[in-house]
Amino acid sequence: MPVHEYDPPERFVAGTVGQPGQRTFFLQARAGARLTSVALEKTQVSALAERVGELLDEIVRRSGGAAPVPAMPPAGTEDTAPLDLPIEEEFRVGTMSLAWDGERDVVVIECFEVSEEEVDPEQPEPAPHQNLLRVSLDGAAARAFAARALALVAAGRPPCPFCAGPLDPAGHVCPRANGYRR
């Protein structure tokens with residue numbers, strides 16, 4: 001199985017290519033000259049960022065504040081730069097896993113390639129030919145990643161005030177308006 005491992009990365013961010021409504025979402029890890037970009041859905045970026053934040057909050061709660069995890073991203077850790085070029089999709093993400101390695105005090109994020117094969121519920125491990133992106137982040141880097149990813153998701157098309165569906169520049173057919181364009 002091809003494994004793209006970054007322990008730790010110099011940079012790990014979520015980013016997009018394209019205009020709102022037609023954006024392609026990526027996770028990108030870089031260490032030196034090595035760069036890995038994987039494509040995923042907006043909902044996956046949102047879920048990952050939310051779960052990273054929840055995991056870090058739980059680590060702080062359980063440790064009574066003793067864990068090396070900041071409550072907020074530390075000043076100077078925000079990364080607002082665009083994705084690194086060239087953006088070449090290594091694979092499309094199917095499933096992801098998230099864990100806290102208490103021995104090393106890092107968050108471990110694993111992104112597995114989407115598989116076209118039928119998934120066997122008795123075999124939770126990925127197929128041997130699947131690609132894997134594994135990234136280990138300290139608490140501060142994980143907080144900064146989650147903050148950027150949540151801001152990225154929120155920067156999309158504004159929601160319709162009636163149905164909460166995304167508004168296109170030309171409006172949209174709102175189901176709460178009986179099919180009339182808003």
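This briefing describes the overall make-up of one protein and then a few of its residues.

The structure is a predicted model, and its secondary structure comes to two helices and seven strands.

**The protein as a whole**

- Of the 182 residues in the protein, 37% are buried.
- The protein exposes about 10500 Å², and carbon and sulfur atoms supply 53% of that area.
- When contacts between residues at least 6 apart in sequence are considered, 58% of them join residues that are at least 24 apart.

- Because Phe12 belongs to strand β2, which covers residues 11-17, while Phe145 belongs to helix α2, which covers residues 139-154, the pair ties together parts that are 133 residues apart in sequence.

**Ser46 in helix α1**

- Ser46 lies in helix α1, which is made up of residues 42-63.
- The relative accessibility of Ser46 is 16%, and Ser46 therefore counts as buried, given that the cut-off is under 20%.
- Once its neighbours within four places in sequence are left aside, Ser46 is in contact with Leu150 and Val153; helix α2, with its residues 139-154, is the helix that also holds Phe145.

**Val52 in helix α1**

- Val52 is likewise a residue of helix α1, and with a relative accessibility of 1% Val52 counts as buried.
- Not counting residues up to four places away in sequence, Val52 touches Leu98, Ile109, Ala142 and Ala146.
- Val52 and Val107 are 55 residues apart along the chain, and their C-alpha atoms are separated by 8.0 Å.

Definitions and conventions
Residues numbered from 1 in each chain as written. Predicted model: local features only at pLDDT ≥ 70, side-chain atom pairs only at ≥ 80, totals over all residues. Heavy atoms only, no water. Helix = DSSP H or I, 4+ residues; strand = E, 2+ residues; numbered from the N terminus. Buried < 20%, exposed > 50% of the residue type's maximum accessible area, 1.4 Å probe, protein only. Contact = heavy atoms within 4.5 Å. Areas by Shrake-Rupley, 256 points an atom, 1.4 Å probe, with all protein chains shown as cover.
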